[in-house]
Amino acid sequence: MIRRLDPKTRSNIAAGEVVTRPASVVVELVENALDAGAETVTIDVDGDGTDRIRVADDGRGMSKSDAALAVERHTTSKLTGAADLETVETLGFRGEALPSIAAVSRLELTTNEGGPRGTRVVVERAESAASDERESRIEDGREKTVSPAGRARGTTVEVTDVFADRPARKKALASAKAEFARISTVVTRYALTRPDVRFALRHDDRETLTTPGTGRFADAMLAVYGRDAASHASTFDSVRDVADGGETATLELDGVLCHPDVTRSRRDHVHVSVNGRALAEPRLRRAVADGYGTLLPDGREPVGVVRLRLPPALVDHNVHPAKDEVGFRDADAVTDAVESSVRDALSTADLRRSGELAM
Ligand code: ADP
Ligand code: MG
C-alpha cells in the first residue's frame, strides 16, 4: 500500500532535483519496474527523450487508489518511517520520482495488479485537461485524471513533452544522439547487473539493445558486447569479511570479468551495482581496474560486471539525490575487498581460454 511520508522522514531524505535530463527519467522508471518485481522491462525512446519515453513492465502493478496516490509528492509503498531508511532494500524510497517527472512533462500511467481491469492516471498541464474529466488539481499547475483502462498485469509509464515549459532545461540538453547515449548507458548498466530480467531498449522504433533475461551473465554480456568479449570472460563470486564497528559483516561479490586481452579505452565498461542499484561509482570502478593491475596493457581499461551485496545498514543510498554514488561506512574496506576479489578471480580463471563461452 502506498502512504504519504511524514514530515520528519521527508526531511531526512536527500532532497534535490530528480529530473535533470531524459536519462534520469529512464533511471527512475526502470528502478520502479525492478522494485515491482518485473521480469521484462521495455523502454522506448523517441529523439532525445523529451518527445517520448515509455517504460513498460510486467511487475505487480497497482490498485486504482495506489495508482492515483503514486503521482503525488512523498507517497511511497517502500518506506514507512525514518527508521526504515537504515534498512531500505528497494531502489526507490523517496516517493518523489513520479511527481517530479510529472511536474516537467505529461505523464500517463497505466497499471493493473492482476484484476479484470486496470487504471489509467494522467497528469498534465491544467489547461490541457478535459474539463469534464477533471478530478483534482495538484501542484505545479498540473491536473490529475483517473479512469479505468485495459492492460495485462504490470505498469506502463509514458512521459511526453518533457521540459515543454522549462525552456532553459531543454536548451541545456545535448544532441539527441548524446542524450540517447546516456539513456543507453544506464539501461545497459541495469541489463548487465540484472541478467535475470529481460530488457529491451528501442530508439525511434529501432531495437538497440535486447537481453534475454536468462539469469546468466554470459547471455547478457553476449547481448551487450558481442561474442568476442563474451567468449573471453569468466564469472566469479566471492565472500569477504568487512569490519562493522566491533563486529564483522559479510560482503558478497559476484559478476563476470572479461579477460585482460578484451579492453576498452575508457573505464565506462566496468559496470557495478551495490545491493541491486546500478551505479556510476568511480571508486568501485577504479577498484575493479586495480584488481586487473598489470595484466592490462598500458592505458587500457577492463570490461566486466561486479555486483556487491552487503548489509543495508553499511550502505547509505541517501547521500546523493541522483543516486549516482553511495556512502559506505568503511569505503576503504569495500574497495580493498573488490580489488582483491577481482585479482583472485583473474588468477584462477584460465586467461588463455578462448573460443568457447567460459562460463
Ligand atoms: P518511490 O519509488 O521512491 O517509492 P515513486 O514516485 O518512484 O517513489 O513511486 C511511488 C510509488 O508508486 C512506489 O512506491 C510504488 O508503490 C508505485 N510504483 C511506481 N512505479 C511502479 C511500477 N512500475 N509498478 C508498480 N508500482 C509502482
Ligand atoms: Mg521510484
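Analyst: Helix axes are lines fitted to C-alpha atoms over the stretch in contact, and angles run from 0 to 180 degrees between N-to-C directions. The model is predicted. On those terms, helix α8 (residues 282–292) and helix α9 (residues 331–348) pack at about 35°, with axes 7 Å apart.

User: What makes the contact of α8 with α9, and in which sense does α8 pass α9?

Analyst: The crossing is right-handed. From α8 come Arg 283, Leu 284, Ala 287, Val 288, Asp 290, Gly 291 and Tyr 292. From α9 come Ala 331, Thr 335, Val 338, Glu 339, Val 342, Arg 343 and Leu 346. Each counts as being in contact because C-beta atoms must lie within 7 Å.

User: How do the residues in the contact of α8 with α9 divide by class?

Analyst: There are 8 nonpolar, 2 polar and 4 charged residues.

User: Why are α2 and α6 called roughly parallel?

Analyst: Helix α2 (residues 22–35) and helix α6 (residues 176–193) pack at about 25°, with axes 8 Å apart. The term covers angles under 35 degrees. The pair is therefore roughly parallel. α2 passes α6 in a right-handed crossing.

User: Which residues of α2 and α6 meet?

Analyst: In α2 they are Pro 22, Ala 23, Val 26, Val 27 and Val 30. Facing them in α6 are Glu 179, Arg 182, Ile 183, Val 186, Val 187 and Tyr 190. By class, that contact holds 9 nonpolar, no polar and 2 charged residues.

User: What makes β12 and β15 edge strands?

Analyst: The open sheet of 5 strands runs β12-β13-β16-β14-β15, with mixed pairing. β12 (233–244) and β15 (277–279) each pair on one side only. Neighbouring strands are turned by 20° against each other on average, direction ignored.

User: How do you know that β14 and β16 pair, and in what sense?

Analyst: Pairing needs at least two bridges. Strand β14 (residues 270–274) and strand β16 (residues 304–309) have 5 bridges, so they qualify. The sense is parallel. Val 272 has Val 306 in β16 as its bridge partner. His 271 stands opposite Val 305 in β16.

User: What is the sense of the pairing of β13 with β16?

Analyst: Strand β13 (residues 247–258) pairs with β16 in the antiparallel sense over 6 bridges. There, Leu 257 is the bridge partner of Gly 304 in β16.

User: Which strands does α6 touch, and at what angle to β14?

Analyst: α6 packs on the sheet, touching β14, β15 and β16, and makes about 70° with β14.

User: Why is β16 called mostly covered?

Analyst: In β16, 5 of the 6 residues are buried. Burial calls for 20 or more other C-beta atoms within 10 Å of the residue's own. Across the chain, 43% of the 359 residues are buried.

Note on methods. Residues numbered from 1 in each chain as written. Chains lettered and ligands numbered in written order. Predicted model: local features only at pLDDT ≥ 70, side-chain atom pairs only at ≥ 80, totals over all residues. Helix = DSSP H or I, 4+ residues; strand = E, 2+ residues; numbered from the N terminus. Left-handed = near helix turned anticlockwise from the far one by under 90°. Contact = placed C-beta atoms within 7 Å. Nonpolar A, V, L, I, M, F, W, Y, C, P; charged D, E, K, R; others polar. Parallel < 35°, antiparallel > 145°, perpendicular 65-115°, else oblique. Buried ≥ 20, exposed ≤ 12 C-beta atoms within 10 Å, placed from the backbone.
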